[in-house]
Amino acid sequence: MTPQRDAPFRRTDLILLVALASVARIAPILNGTGWTDLYAQQAIPILEHRNIYEVTRSIFPYSPVSMFLPALCAKLTLLLHVPFSILMKLQSAAADVCIVAALYLVLAKKGHANARGWSLFYALNPVSILITGFHGNIISIATLSSFLAYAVLLFGVERHYRLSALLLGLGIGFRSYPVLFLPFFLIRLRLPFRKRMSYLLHATVPTALSFLPFLALDPRALLREVFTYSGATDYGLVALLRAVHSLKGSALLYGLPGGLHVALSGVSKYVFFAAYAVLLALAPRRQLIVSIASTVLLFYCVVAGISSQYLLWLLPFAFLIRGRMPSLYVGAATWALVNFYWLYHPQILFGRFPVVRPPLRALLTGEVMGLSLLWIVCLAWLLRLSTRGAGRAGEEML
């Protein structure tokens with residue numbers, strides 16, 4: 001039976017989707033407590049006109065592009081008398097709501113089946129609500145920029161390649177991970193060599209230039225902060241080993257015995273980049289969206305330094321691919337996120353409500369199961385993409 005297609009794009013659908021997505025994220029923001037200490041620590045040196053890379057340690061391992069947002073929120077807190085945590089989380093939520101709008105626009109304009117249904121699913125999916133509404137991490141801005149960099153190309157590569165490059169560059173400026181996607185854009189775009197080089201420059205030069213003042217001020221501090229950050233071992237195989245050890249000892253551990261998690265974290269990076277090279281070699285014969293999704297899934301399967309907010313990277317691309325796997329991923333990631341927050345940061349989940357504390361062993365068992373399920377789903381999806389391409393993403397996808 002041929003699936004029926006949605007009606008053409010409707011403004012009322014878009015407004016409803018944006019409204020539902022906003023309410024779903026604003027509600028936990030208003031209930032939440034001030035879990036934005038790291039952003040406050042970033043804001044202080046900016047407001048004091050000090051070099052953030054010099055006076056902080058492992059607080060801001062990013063390019064200077066995003067450093068002014070926490071400082072701006074700190075200023076607005078004083079002017080508007082709105083809590084700093086709410087202003088920071090509103091940025092995260094707003095970017096995620098924009099992903100909802102962008103997803104609907106792409107699916108509806110391209111005539112995909114059930115554009116409203118998939119967009120509604122994203123609007124109410126618990127993974128992005130947990131990360132943006134509860135947690136409040138602004139990585140959603142980089143995720144939005146990366147997704148738009150891909151989406152605009154669906155409406156004309158020649159017309160929009162410069163815009164795509166600037167959007168990808170903005171994502172790289174906010175958080176460095178979208179640089180992993182850049183080679184795939186350069187490989188797959190059907191453009192003359194000169195325009196591909198233009199794409200490369202548009203995507204990299206603005207962020208590179210933002211480093212220059214800090215490189216002149218204190219190159220050692222800049223290089224130390226940017227290149228020594230390795231993420232947190234909250235998800236992935238190392239986290240699973242930690243959870244198993246915790247369960248065996250009936251005690252909550254933050255690392256593996258003997259610092260083994262540090263060694264495994266280093267090894268995992270080499271394994272990832274070796275496998276990433278294989279993805280690059282396969283890129284000329286694969287759709288761009290498949291290469292992007294495969295890179296993120298490979299990261300989830302191999303790299304040890306996975307933080308909660310990283311689980312957002314895949315979502316918009318997953319919902320554009322559609323099929324069964326996005327639903328499985330959302331289910332597994334939701335389990336892993338809720339269990340992790342409940343164990344290590346329960347105030348993120350409960351906000352102003354009293355924290356409900358189940359037996360530690362129950363939470364540790366849930367962590368082992370949730371991390372295992374998430375890893376299995378990611379590996380299965382990665383293997384599926386390697387053998388079947390984009391599946392229901394369709395031939396019209398790049």
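Biologist: Why is Glu 225 called buried?

Modeller: This is a predicted model, and in it Glu 225 has a relative accessibility of 4%. Buried means under 20%. So Glu 225 counts as buried.

Biologist: What makes Glu 225 and Arg 224 a salt bridge?

Modeller: Their N to O distance is 2.8 Å. The cut-off is 4 Å, so the pair qualifies. Arg 224 has 28% relative accessibility. That value lies between 20% and 50%, so Arg 224 is partly exposed.

Biologist: How many salt bridges does a search of the whole structure find?

Modeller: It finds 6. Another one of them joins Glu 158 and Lys 195, at 2.6 Å from N to O. Glu 158 lies in helix α9 and Lys 195 in helix α11, so this pair ties together parts that are 37 residues apart in sequence.

Biologist: Why is His 49 called exposed?

Modeller: His 49 reaches 76% relative accessibility. His 49 sits in the loop between α2 and α3.

Biologist: What is the phi of His 49?

Modeller: Phi is positive, about 60°, although His 49 is not a glycine. Ser 250 also has a positive phi, near 55°, and is a residue other than glycine. Ser 250 lies in the loop between α13 and α14.

Biologist: Ser 128 next. What makes Ser 128 buried?

Modeller: Its relative accessibility is 0%. The limit is 20%, so Ser 128 is buried. Ser 128 belongs to helix α7. Beyond its neighbours within four places in sequence, Ser 128 contacts Arg 25, Asp 96, Tyr 122, Gly 133, Leu 312 and Leu 315.

Biologist: Where is the cover for the buried residues of α1?

Modeller: The cover includes α5, α6, α7 and α18. Among the buried residues of α1 are Leu 14, Leu 17 and Arg 25.

Biologist: How many residues are in the largest nonpolar core, and which touch the most other members?

Modeller: That core has 116 residues, and Phe 185, Tyr 300, Leu 311 and Tyr 329 touch the most other members. Helix α5 gives the most to this core, with 14 residues. Leu 311 touches residues including Val 127, Tyr 235 and Leu 374. Apart from this core lies another, of 11 residues, Phe 211 and Phe 214 among them.

Biologist: How many aromatic pairs does the structure hold?

Modeller: It holds 29.

Biologist: What makes Phe 273 and Tyr 276 an edge-to-face pair?

Modeller: The centres are 6.4 Å apart, and the limit for a pair is 6.5 Å, so the rings pair. The planes stand at 90°, and edge-to-face means over 60, so that is the label. Both residues lie in helix α14, about one turn of the helix apart.

Biologist: Why are Trp 342 and Phe 350 called edge-to-face?

Modeller: Their planes are at 65°, over the 60 needed, so the label holds. Their centres are 5.7 Å apart. Phe 350 is buried, at 16%, whereas Trp 342 is partly exposed, at 25%.

Biologist: What is the average pLDDT of the protein?

Modeller: It is 92, and 95% of the residues score at least 70. Over residues 389–394, though, pLDDT stays under 50. Where pLDDT is low, the predicted coordinates should not be read in detail.

How values were computed
Residues are numbered from 1 along each chain as its sequence is written. This is a predicted model: local features need pLDDT of at least 70, side-chain atom pairs count only at pLDDT 80 or more; totals for chains, interfaces and linings use all residues. Side-chain values use heavy atoms; hydrogens and water are left out. A salt bridge is a side-chain nitrogen of Lys or Arg within 4 Å of a carboxyl oxygen of Asp or Glu. Helices (H or I, at least four residues) and strands (E, at least two) are DSSP runs, numbered from the N terminus. Buried means under 20% relative accessible area, exposed over 50%, partly exposed in between (1.4 Å probe, protein chains only). Contact means heavy atoms within 4.5 Å. A nonpolar core is a set of buried Ala, Val, Leu, Ile, Met, Phe, Trp, Tyr and Cys residues joined through side-chain atoms within 4.5 Å. pLDDT is the predictor's confidence in each residue, from 0 to 100. Rings of Phe, Tyr and Trp (its six-membered ring) pair if their centres lie within 6.5 Å; planes under 30 degrees apart count as stacked, over 60 as edge-to-face and the rest as tilted.
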